[in-house]
Amino acid sequence: MYEKDNSFISLAIIPQKLEAINYINGFPKTWQYILALGFDDMYRSSFFMGVLFLLLTSAVICVCIRSKNLYNKFSNKEQKTKAYIYNLKTSKKITKIENQEALKDYNISTLEDGSQIAFSSKGKPALIGGLILHIGLVLIFVGGFIGLLFGVEMPIYGKAGEKIPIPSIDIIRTAYKADKLSRQARTIRQFNPQDSRLDGMRKEIEKLHEIYSEGLMKPEFKVSFDRLWVENYTTASGTNNGIKSWNAELRFMDVASGSLFNVVQESQPQHIKVNYPISYKNVNFYLASWNKIWKKIKLNVSYLPNIEGWETFKPDPNLFPQKVEVGLQESFDIKSFPFSLVVSHFLPDLRIKPDGSFFSASAELENPAAIVVAFDKEANCRVGNTWAFSEKNAGIFPHEPKLPLKFILENAEYEYECVIQMTYDPGTPLVWLGCIMFCLGMMFTFYITYCEEWIIINPDGSAFIAVDSNRAANLLSEELTKLENKLNPKTNEAKQ
């Protein structure tokens, strides 16, 4: 995904928390900036925290300014000049005011030239909307800061039947700090193996690892992976038609303080799947990934004569073929063969790139292949290796065997492994509260109309009326007509 580095735009797809060498190889032109600015761990980088702080500062300033303006409006301390009123777009001159009683609901101030300014408003809750909206933004940013500074994340890998101990939040923070420090140390070593900082960092990392190991022996609780299963779409005939969902059934088991095995309480089984997280003790659990773990590989082994370097190996033909069932990376022996063997790699769906490298295109048993390595235990060295293919593909992938044995891959058994992302974010309540206030502010702003009515009463009895609002000026003509009818009801009724 990041093999090319044509422009700085490629930073938008930077993979996170990898080793320095990955960024050097993947981003040959910009890796220095990535590491220096902390873009390899974007959401905890100084750059991101600085941007978040600027947004928070801006929102706080907006809250302060809006609070002052609202105070002036609600306390009727806001004074507008005649020039301001005359410049309002929705306005009109009238010859006189017939209904003086209508002015009793207005706040009236007298100017030095003898004229008066009358003011009234309605829909004031709309003004609160902007303030509530910005307070919501402040809470969201503050909650985000708290989450970045004090929150933790940890992946949990589990297979059916396993019980994984979960240490306290402080211990998980210790593990995260150790991992971050280790990555920094490896980056420094990449460029200067003699750097004087490395020794101090190593001691600090060892100390943190020791604390984490002790914490694992005194967990807060355990997560029991009771059951893992895949749900498929089915056709009318009952055949599978693709994966519908990945599912896991978990139980949470409290343990006695300072104990690893003394379970004192268990929760009811809880069902977790993608987009349906579960919570326990203020900790959220998300289904993050789903893997197939190949636990047993079945091989049919036969003798392969005339291999260079193995001329002296002449086993009894009656010993072959031999059937072997072995786990990945598990050592096994073949009768009469002098060295131990191990399946070092297994690829369920083998593909070969143009450059000769190989990879698995999927996790399904489409074109299974394995690499079998022979090694001398006494000399602690490799002796040779060869490929194992299925019977139908044995002649498709050309290779030069380096062992006097032919391996036919008959089958492979797997079990599911579930990856649960555990997250603790103490800023979440503030973020949710901020979201609610943001939505309320939007509702107040868009669904409540605020309107101001201004009247300039001249000494000769004539008047100038104007209206202003948080809506577009071309929508206020009706409000202006209502104001005129209220001040001069008889004249306007006669006109109609």
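The average pLDDT of the protein is 85, and 94% of the residues score at least 70. Residues 1-12 have a pLDDT below 50, and this stretch has 20 contacts in the model beyond near neighbours in sequence. Where pLDDT is low, the predicted coordinates should not be read in detail.

The strands come next. Strands of a sheet pair through backbone hydrogen bonds, and the pairing is either parallel or antiparallel.

Another group of strands can be followed from strand E17 (residues 369-376). Eight bridges join E17 to strand E18 (residues 381-389), and these two strands run antiparallel. For example, Val373 has Asn385 in E18 as its bridge partner. E17 and E18 form a hairpin, with four residues between them. In the turn of this hairpin, Asn380 has a positive phi of about 55°. E18 is also joined to strand E19 (residues 405-424) by two bridges, and here the strands run parallel. Ala388 has Phe407 in E19 as its bridge partner.

The helices remain. Two packed helices are described by the angle between their axes and the distance between the axes. Consider helix H3 (residues 46-74) and helix H5 (residues 125-150), whose axes come within 9 Å and cross at roughly 155°. Angles over 145 degrees count as roughly antiparallel, so H3 is roughly antiparallel to H5. The crossing of H3 and H5 is left-handed. Their contact contains 23 nonpolar, four polar and two charged residues.

H5 also meets helix H8 (residues 428-447): the axes of H5 and H8 come within 7 Å and cross at roughly 160°. H5 and H8 are therefore roughly antiparallel to each other. This crossing, too, is left-handed. The contact of H5 with H8 has 20 nonpolar and eight polar residues, and no charged ones.

A further helix pair is made up of helix H6 (residues 169-191) and helix H7 (residues 197-216). The axes of H6 and H7 come within 9 Å and cross at roughly 155°. That angle makes H6 roughly antiparallel to H7. H6 and H7 cross in a left-handed way. The residues of H6 that meet H7 include Ile171, Ala178, Leu181 and Ile188, while those on the H7 side include Leu198, Met201, Ile205 and Leu208. Also in this contact are Lys177 and Arg189 from H6, and Arg197 and Glu204 from H7. Sorted by class, the contact of H6 with H7 has twelve nonpolar, five polar and four charged residues.

Conventions: Residues numbered from 1 in each chain as written. Predicted model: local features only at pLDDT ≥ 70, side-chain atom pairs only at ≥ 80, totals over all residues. Heavy atoms only, no water. Pairing = 2+ DSSP bridges. Axes fitted to C-alpha atoms, helices over the stretch in contact; angles between N-to-C directions. Parallel < 35°, antiparallel > 145°, perpendicular 65-115°, else oblique. Left-handed = near helix turned anticlockwise from the far one by under 90°. Nonpolar A, V, L, I, M, F, W, Y, C, P; charged D, E, K, R; others polar. pLDDT = per-residue confidence, 0-100. Contact = heavy atoms within 4.5 Å.
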